[in-house]
Amino acid sequence: MNLYSEENQLRIKYILIALISLFSWFFLGGMVSYTLSLSINGKLQRFILLFIPHVILFLSLFISVKVILKRPLLSLISEKKINIKEELLVAVITLLVIGFFSLFSYKTITKNNTTSLNEKLLFFLVSLPLLLIQTLSEELLFRVLPIKIYSPIKKAISKKELISLSLIEGIVFLLPHLSNKEVLESQNSIYAIITYFLWGYGLCFISLYYSSFVSSWVMHFVNNLFSSAIVGSVNSTLDSSPLFIDTSISYSPLILINTIVLFFVIFLFKKKGKSK
């Protein structure tokens, strides 16, 4: 009975954090972004403005977790010591796989001549902390908190629960991305929609299977950094200044293959590391 009571009390705390975070992100973040947008003109300023809701979301999560749970924010993504070497390799593998599949689009990829190399470098340096905050905030809100609400106290998850929770997380991760320009302004956007679902499913599956959300955060960050700084899309939601631009506005099944291969490789890599 004590365990049941403790579990419910903890669940209520996670729900409260989620509600505060959603309010901060949508209402406060939206209000601040709109106010600032009235006086912003530059490309870099507009780029930074995109992340204002996420910065407010991050601050909300940081404060609410500290006050309500009385624990560090990063402890939610991993309760054990983070293996820095392993996560760096996850980042490298993610970058290599995404980069490899981008080569298949060489016919539509052109050098970005709209900004100078110095401007691109400035965008890159600015995007690093912003993307870290964005991806961490999204991981916590869309993946960690729902799982914590479902299972406040750590316990073994069955295969059925693993698949079911991953399917739900796939939908949860997809929904806020349906308003992205990649979906609204692209041909064959069904491939983009399925890809967002697969990312949500795959990140959750790996996180639950290996009892850590760190690799999920790393993969999410590297993917966003690649599209922001290396090869961006002509209709990307992230209005950054990448080195190259993919001028195609049509998606192909290749993006699905890219996603499936990436998660398969990462899963095998982590499985091999776990068996040592």
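**View 1. Residue classes in the lining of the largest pocket.** The lining of the largest pocket comprises 23 nonpolar, 24 polar and three charged residues (Ala, Val, Leu, Ile, Met, Phe, Trp, Tyr, Cys and Pro count as nonpolar, Asp, Glu, Lys and Arg as charged, the others, Gly among them, as polar). The model is predicted, and local features need pLDDT of at least 70, side-chain atom pairs pLDDT 80 or more, whereas totals for linings use all residues. Residues are numbered from 1 along each chain, and side-chain values use heavy atoms, without hydrogens and water.

**View 2. Centre of the largest pocket.** Asn180, Glu182, Tyr196, Ser227 and Ser236 lie nearest the centre of this pocket, which 50 residues line. A pocket is an open set of points on a 1 Å grid over the protein atoms alone, where a 1.4 Å probe fits, with protein on both sides within 12 Å along at least five of seven lines; lining residues have an atom within 4 Å of a point.

**View 3. The second largest pocket.** Among its 22 lining residues, Lys154, Lys155, Ile157, Leu208 and Ser211 lie nearest the centre. By class, eleven are nonpolar, six polar and five charged. Helix 8 gives the most to this lining, with three residues (helices, H or I, of at least four residues and strands, E, of at least two are DSSP runs numbered from the N terminus).

View 4. Three strands have the order 1-3-2, with mixed pairing (two strands pair if DSSP finds at least two bridges between them). Strand 1 (109–111) and strand 2 are the edges, each pairing on one side only. Three bridges join strand 1 to the antiparallel strand 3 (residues 244–246); Thr110 has Ile245 as its bridge partner there.
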